There are 2 protein chains.
Amino acid sequence: MARPKLNRKPAPQMEVTRRSLDAQAADKLRDAILTGVFAPGEKLTEEVIAESFGLSRGTIRASLRLLVHEGLIVQEPYRGYSVRSLTSRDAWELFTLRNTLEAFAARLLAETITEEKRDRLDQAYDKVVKAVTSGVRTRAVEADFQLHLTIAELTEHAALQGHYALIAGQVRLYQSLVSKFLSLQDYIVTHETLILAMREGRAGEAERLAAQHNTADGERLVEWLREAEGRSEDHIRDRPVGLSAS
Amino acid sequence: MARPKLNRKPAPQMEVTRRSLDAQAADKLRDAILTGVFAPGEKLTEEVIAESFGLSRGTIRASLRLLVHEGLIVQEPYRGYSVRSLTSRDAWELFTLRNTLEAFAARLLAETITEEKRDRLDQAYDKVVKAVTSGVRTRAVEADFQLHLTIAELTEHAALQGHYALIAGQVRLYQSLVSKFLSLQDYIVTHETLILAMREGRAGEAERLAAQHNTADGERLVEWLREAEGRSEDHIRDRPVGLSAS
DNA sequence: ACTAAAACAATTGTTGACAATTAACTAAAA
DNA sequence: TTTTAGTTAATTGTCAACAATTGTTTTAGT
């Protein structure tokens, strides 16, 4: 019975692809949603995605559930999946929750700041500054996003990181929307005092600054969305909310 | 033609039956873990659970993933699942994160308090008081848990509720542990000022009280766990990964 | 006795087929 | 014309078989 092993798929494993297929599929889907390939409200079916990805429905199903957990996709039983579209209410919830988590992270980081953490913080902040001086808006949005991801990481609080990662996708969508209301310079002025407070270990001030550094823009976005919802009562068929929108 | 429909499930669909099988299985598993049927660290295999529940492995697999998301189970690729055990570090992360979310909830509820919300809040708090006077410790723990669930619900902040629900299972485990250090009366004194602040709309005070009402007990539990870990050095356990950053 | 390769066992990863559910459609009855 | 019962199409829900991965045990060679 010593039959030779048969490998039907030797090719696709070209890189350090140690992740399971459903996790990889989830990454691809998340990226597609974030870059606007799938518009908010668009319907997604397991079968067509499975076919276009060359994977089975069961695998795609698992990846879709991952994104449902992240709030990027909504699922109705026996009806299907669709890309989540941000209502004004959703936007308000997201930025208030985000403020809460980021304020906690800022305090934590300020309390446990070290020389090494200061360096990594500076690196992330420098990228924001460089992106702003480069004048490319999408780069500034991305650098801003990465900065906050770095802060969460530097807290070394795994549970906090997990919850922040859970809303990260939505935050990213939100950020490209809120970018409408910001001048590029704003990306620097809203962060510099916060960074300084964390660098110098002023925990209370860092917490307060982080809790409020999105509030003004968030409320403006909520107001804008609310008006848009009032004008078109049924549907929000605005431009795709991806990084490409500017 | 008019053939009678064959209803294999003639009984009026109870609401529970309308949920998908994997969600029901997840509920059963969660309850089993919370009630100690499965001990922390115990290994869970898809096959044996599938057999004991009378469901297929795929269905159980989906339910296990749900619990992994909730942080009640840890998964190692190709190795298996096991019930998460709380290290002192985990306990610290959990109670600090919990404080953060509950402080936000308390502020929100205080800011939006209404007559109806006051009633529901009173009901939940009364159950705590009654449980304490009854002298049954497990009832007090349960009522405490339900009180905080009610507070989260009354905020009408869906995203906050979602994130709180995510840690609810762990909070429950944590609470039965921390109960070691509490007299029954503590369940009243740690809550009464908080409830009052929310009832009267004093948002700032409610936030501050909520943020600290677990701190003392939490730190005592962390200390206790740390000592226990020091005594038995055999915790060469793998790094638990419930909610991990990407 | 020690090391390295090879077989083995246990478990999850992946897939395609089948069942159940819902909504849209059609046609008959009021 | 409106309502209602049946039919159908589309989609997810569930399942059982097979493949891949890892850790363990055995075996061969030195």
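1. Let's start where the two protein chains meet: 18 residues of chain B are in contact with 17 residues of chain A. Contact here means that the C-beta atoms of two residues, placed from the backbone, lie within 7 Å. On the chain B side, helix H4 (88–111) and helix H7 (158–178) of chain B are the elements that give two or more residues. H4(B) supplies the largest share, five residues. Sorted by class, this side of chain B has nine nonpolar residues, eight polar and one charged. For the classes, Ala, Val, Leu, Ile, Met, Phe, Trp, Tyr, Cys and Pro count as nonpolar, Asp, Glu, Lys and Arg as charged, and the others, Gly among them, as polar.

2. A quick word on reading all this. The model is predicted, so local features need pLDDT of at least 70 and side-chain atom pairs count only at pLDDT 80 or more, while totals for chains, interfaces and linings use all residues. Residues are numbered from 1 along each chain as its sequence is written, and chains are lettered from A and ligands numbered from 1 in the order in which they are written.

3. How are the two copies related?

4. Now look at chain A by itself. It has ten helices and three strands, in the order α-β-α-α-β-β-α-α-α-α-α-α-α along the sequence. These elements are DSSP runs numbered from the N terminus: helices are H or I with at least four residues, strands are E with at least two. Of the 246 residues in chain A, 38% are buried. Buried means 20 or more other C-beta atoms within 10 Å of a residue's own, exposed means 12 or fewer, and partly exposed is in between, with C-beta atoms placed from the backbone.

5. The three strands of chain A form an open sheet in the order S1-S3-S2, paired antiparallel. Strand S1 (43–44) and strand S2 (73–76) of chain A are the edges, each pairing on one side only. Two strands pair if DSSP finds at least two bridges between them. S2(A) and strand S3 (residues 80–83) of chain A share four bridges, and two bridges join S1(A) to S3(A). If you want to trace the partners, A:Ile73 goes with A:Val83, A:Val74 with A:Ser82, and A:Leu44 with A:Tyr81.

6. A:Tyr174 counts as buried because it has 23 C-beta neighbours inside 10 Å. Leaving out residues up to four places away in sequence, A:Tyr174 touches A:Leu86, A:Ala91, A:Leu94 and A:Phe95. A:Asp90 is 84 residues from A:Tyr174 along the chain, yet their C-alpha atoms are separated by 9.9 Å. A:Ala168 is buried too, with 21 other C-beta atoms within 10 Å. Its C-alpha lies 9.5 Å from that of A:His148, 20 residues apart in sequence.

7. Finally, the DNA. Which residues are closest to DNA strand C? Of the 18 residues that surround DNA strand C, the closest are A:Leu21, A:Ser56, A:Gly58, A:Thr59 and B:Gly80. A residue is near a strand if its C-beta atom, placed from the backbone, lies within 6 Å of it. Helix H1 (21–34) and H3 of chain A, plus helix H2 (46–53) and strand S3 (80–83) of chain B, each supply at least two residues of this surface. H3(A) gives the largest share, three residues. By class, the surface near DNA strand C has six nonpolar, seven polar and five charged residues.
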